[in-house]
Each structure stands twice: as C-alpha cells, then as structure tokens.
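These are my notebook entries on one structure.

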Amino acid sequence: MSDDTLLDRALIRLEEAASHLNIDQDVIEKLKYPRETTKTRLLIRMDDGSRKSFLAWRCRYDDTRGPTKGGIRFHPDSTIEEVETLAFWMTFKCAVMNLPFGGGKGAVRVDPRQLSKSELERLSRAYVQAFARTVGPDRDIPAPDVYTNAMVMGWMADEYSQIVGDVSPAVITGKPIALGGSLGRNDATARGGFYLVRHLARELGLARDHTVAIQGFGNAGQFYARLSAADNNTIVAVSDSSGAIHRPAGLDVARLIAGKEAGRAVPDMAAEQGAHVIPADELLAVEADLLVPAALEDMIDKTNAGSIKAKVILELANGPLTPDADTILNANGVTVLPDILANAGGVTVSYFEWVQNRQGFYWDLEEIHARLLKIVECEGRAIWDVACERGVSVRSAAYIHALGRLATAIEAHGTQSFFSS
Ligand code: NAD
C-alpha cells in the first residue's frame, strides 16, 4: 500500500470526476478540505468507580447543500482521518441521492464490546454533551454507524433534548420507533442496495436467481442476505470478523441471523449449515455472481482483488475497495456499484425520518418503501446512463453526477461565501 492517506485516496475520485466536468477550480478547492473537525476527550465514570477517557471527533465536511449528515462510529481503530474521509463520502452520497444535506461523520475510539450497557450509555451521553454546539436539527444530524445502533441514538437524542430544553427528535436519526424513529430505517441500507441490483439486473447481466457472497454479517450484510434470499437468490458464502463459511448449494439465512442474534460467530455455525469454514479472504474468491462487501474500509486491495470471480460488486460498506483494487477490477470487467450509490438507502430513510420528525406526521412502511424505491431507481438509472454515455465506471459516473449538483450549489451560494478576498 502507498503512503497516501485514506482521504488522499478518496480525493482522487473528486479530481477524476472534475476532469469530466467544466467546473470552477474554487469548487474543487472547497471540496478538498473539511469545513470543521472537532476533537475532544470524553471522560467517563466506569462501573468500578474508575475514570477512563476516550478520543472523540465530529467532522462537518461540507454544508453547501444543507445541514451535515452522517453516522457516529464506535471503534477501537477510529482516527481523525477516517472520520474526515467518511464525512467526505457522506457529502457525495447525499448529493448522489439529491437529499438536502451536506456530509458529516463522528467517531469515538473505543471498543464498545468491552463496556457494560451503563458505561455505553454514559459514553453516548458524553458525546452529545461534548458536541452539543456542533449538532442540531438544522446544523448537523448524526445517525448510527459501525457498532452504534438505535439504542445509542435514543440515548443521544434524549441527552440533546435535555440540554436544549425542547423535545428535539430531528437532531438524530436511526432512533427507536418509540422516540420518533422511522419505520423501515433498520433495513434501509440493504434495501437500497437490493432495489438497485434488482433495477439494473438486466444491464448487469444478473439472472433473477443469482448467487451471492457477503463479506461482513452485521446490519447491512444480514438484511441484504434476507432480502436477496427472499427474492429467490442463493447466498453461498458469508463472513464476520471471526471468519467465513461457504456452501455452494446455499446457506439458511434465517438460521444464520438467529445465530448472530444469539451472539454466535459465523464460523461456529458451519456444521449446522452443512458449510465449510474457509479463510476470511477466500470468501472473495468463491464462485458467486454478486459479491457484497458489508464490513469495513479497504478490505479489498491489490493483493486480493484479482481473485474475485463475481461479475458484479455491490459496495454496502463504505470504501471497501482501494483505488488499486478498483483499477484491477475494472480491467477484469467487473462492474462495481459504488458505496455512495449502493449503500445510500440508509441515509435516504434517515432523511425520511428527519422529515417526519419535523412535520410531526408519520408514514407507513409501504410509503417509505415506495419513496425509497423511487429515489434509488431514479438516481441509479441516471448514474448508469452517465456511465454508458461517457464510457466511465459506475463509480466515476456517481461522482460526476454528485459533483455536478455540489458545484451548482456552491456556485449558487457565490464563491465569496466561502473564500475571503
Ligand atoms: P455492523 O457493525 O453491524 O457490521 C459489521 C460486520 O462486519 C460485523 O459482522 C463484523 O463482524 C464484520 N467484520 C468486521 N471485520 C471483518 C473482517 N475483517 N472480515 C469480515 N467481516 C468483518 O456494521 P454495519 O452497520 O452493517 O456497517 C457495515 C458497513 O456498512 C460499514 O462500512 C458502514 O459504514 C456501512 N454502512 C452502514 C450503514 C447502516 O445503515 N448500517 C449505512 C451506510 C453504510
């Protein structure tokens, strides 16, 4: 791997998209740097009475198109650079889907699996206390990400409401339904990807009963497996951080999910599934029509990209492919449906949640699914057409599509809004 940082590598996509558009250099200069990133330490009382401090960040990358929007990750390897890169991707993801949001992201460097529930609650509340002036329904709206969930969002929304003295559910999305969460948010990321694959299946050369391998079996991976299997496809391999299993005739998805919910690791369920345990990286090389990375960043790089047999990759994870891997896969004729389109169902239903909170009127599941389907099909088709017309990858097309919208908004503000003379 080169010395380039994750953000440097993300910015390559920006430069590449800009080369296809006639865009003012000021626009590119503005989008190369985050608007603001705040770093702090959260000091928490542990159950045994001791105190521990945890590094935490919140980045508001760009708010040209609206309040910044993006999840909060609790992970032991989180860094400021990762937070800023994820916030950059959110900026483009919201523009891809034409949502009236900019991009943001937050993280705490912590292994939440080492905390008790009450320690986790204190940490979540401390995060909101620290960033109470950064977040807000018209300023910056967090959501769940890796190792955070609806329960964490509920605590955070409650803490914010206590600080400002109003019930303010629109400050955060991905909340429990009882606190103003939206129906359909839990499977929205996977559902958006599933609608996209189904809509473009003919163009992608995927049969109605294709085979699927899924890397990462958390929220995004499990819901994708469930939706895809229910649509007559065969899930042949899945993995989690403990390892991978493979069964060419197909895995029993409902049983796997029940096992995960009971706290079991994927490889421990091989025998009851009639599956083989395989090394984690070998999941990439199994015979499958569709590969779905749904774990973390940079999982597919130049060392393993060449082994991929799937003809289509759906990036449910953010940034699972390095640019080197992208180049290899393009050369091998693999179509990559990029993260900023493939996993944007999550932020789209988060947007629906924000809208419902603000209007105080809640939609049924049917309406949520119909609205999501419409946006995914509309933006997915537009991006596919850009890729075909310009002869570029779907990733480049998605960046071109989003950058056009961002540039229009930046120019409409007037560049003097951003640069002092
Ligand atoms: P999650 O924590 O629920 O699941 C992550 C899964 O990845 C877990 O099963 C974990 O065991 C697995 N994993 C970790 N390291 C692995 C490895 N080396 N090999 C195989 N599996 C590994 O997280 P999630 O919410 O499903 O998010 C997964 C990805 O999707 C992340 O990149 C996240 O940013 C992205 N994403 C999630 C959402 C959402 O709404 N949940 C929205 C957009 C993007």
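**Entry 1: strand 8 and its partners**

I began with strand 8 (residues 243-246), which pairs with strand 9 in the antiparallel sense over 3 bridges. Strands here are DSSP runs of E, at least two residues long, helices are runs of H or I of at least four, and both are numbered from the N terminus. Two strands count as paired if DSSP finds at least two bridges between them. I noted that this is a predicted model, in which local features need pLDDT of at least 70 and side-chain atom pairs count only at pLDDT 80 or more, while totals for chains, interfaces and linings use all residues. Residues are numbered from 1 along each chain as its sequence is written, and side-chain values use heavy atoms, with hydrogens and water left out.

Which residue of strand 9 is the bridge partner of Ala-244? I found Ile-278. For Ile-245, the partner in strand 9 is Val-277.

Then I turned to strand 7. Strand 7 and strand 8 run antiparallel and are joined by 4 bridges. They form a hairpin with 2 residues between them. Ser-239 stands opposite Ala-244 of strand 8.

I also checked where the residues of strand 8 point. Gly-243 and Ile-245 point one way, Ala-244 and His-246 the other way, and all are buried. Buried means under 20% relative accessible area, exposed means over 50%, and partly exposed lies in between (1.4 Å probe, protein chains only).

The open sheet has 7 strands in the order 9-8-7-6-10-11-12, with mixed pairing. Its edge strands are strand 9 (276-278) and strand 12 (335-337), each pairing on one side only. On average, neighbouring strands are turned by 20 degrees against each other, direction ignored. Helix 6 (residues 188-204) packs on this sheet and touches strand 10 (290-293), strand 11 (312-314) and strand 12. The direction of helix 6 makes about 155 degrees with that of strand 12. Contact means heavy atoms within 4.5 Å. Axes are lines fitted to C-alpha atoms, for helices over the stretch in contact, and angles run from 0 to 180 degrees between N-to-C directions.

**Entry 2: strand 2**

Next I looked up strand 2 (residues 51-62). It is largely enclosed by the rest of the structure, because 9 of its 12 residues are buried. Thr-38 stands opposite Arg-58 in strand 2. Strand 1 and strand 2 form a hairpin with 5 residues between them. In that turn, Gly-49 has a positive phi of about 95 degrees.

Strand 4 (residues 102-109) is also antiparallel to strand 2, with 6 bridges between them. Here Ala-56 has Val-108 in strand 4 as its bridge partner.

**Entry 3: rings**

How many aromatic pairs are there? I have 10 on the list. The rule covers rings of Phe, Tyr and Trp (its six-membered ring) with centres within 6.5 Å; planes under 30 degrees apart are stacked, over 60 edge-to-face, and the rest tilted.

One of these pairs is Phe-88 with Phe-92, tilted, at 4.9 Å centre to centre and 40 degrees between the planes. Both lie in helix 3 (residues 80-96), 4 residues apart, about one turn of the helix. Phe-88 is buried, with a relative accessible area of 0%. Phe-92 is buried too, also at 0%. Phe-194 and Tyr-195 form a tilted pair as well, with 6.2 Å between centres and 45 degrees between planes. Both of these residues are buried.

Ring pairs also link Phe-101, Tyr-351, Phe-352, Trp-354 and Trp-363 into a cluster. The charged end of Arg-371 sits over the ring of Trp-363, 4.2 Å from its centre. For this, NZ of Lys or CZ of Arg must be within 6 Å of the ring centre and within 35 degrees of the ring normal.

**Entry 4: Asp-231**

Is Asp-231 buried or exposed? It counts as buried, because its relative accessibility is 18%. Asp-231 lies in the loop between helix 7 (219-230) and strand 7 (234-240). Leaving aside neighbours within four places in sequence, Asp-231 is in contact with Phe-194, Arg-198 and Arg-208.

**Entry 5: domains**

Last, I checked the domain assignment: domain 1 (35-171) and domain 2 (188-342). Such bounds come from an automatic or database domain assignment. The contact takes 12 residues from domain 1 and 7 residues from domain 2. The C-alpha centres of the two domains lie 28 Å apart.
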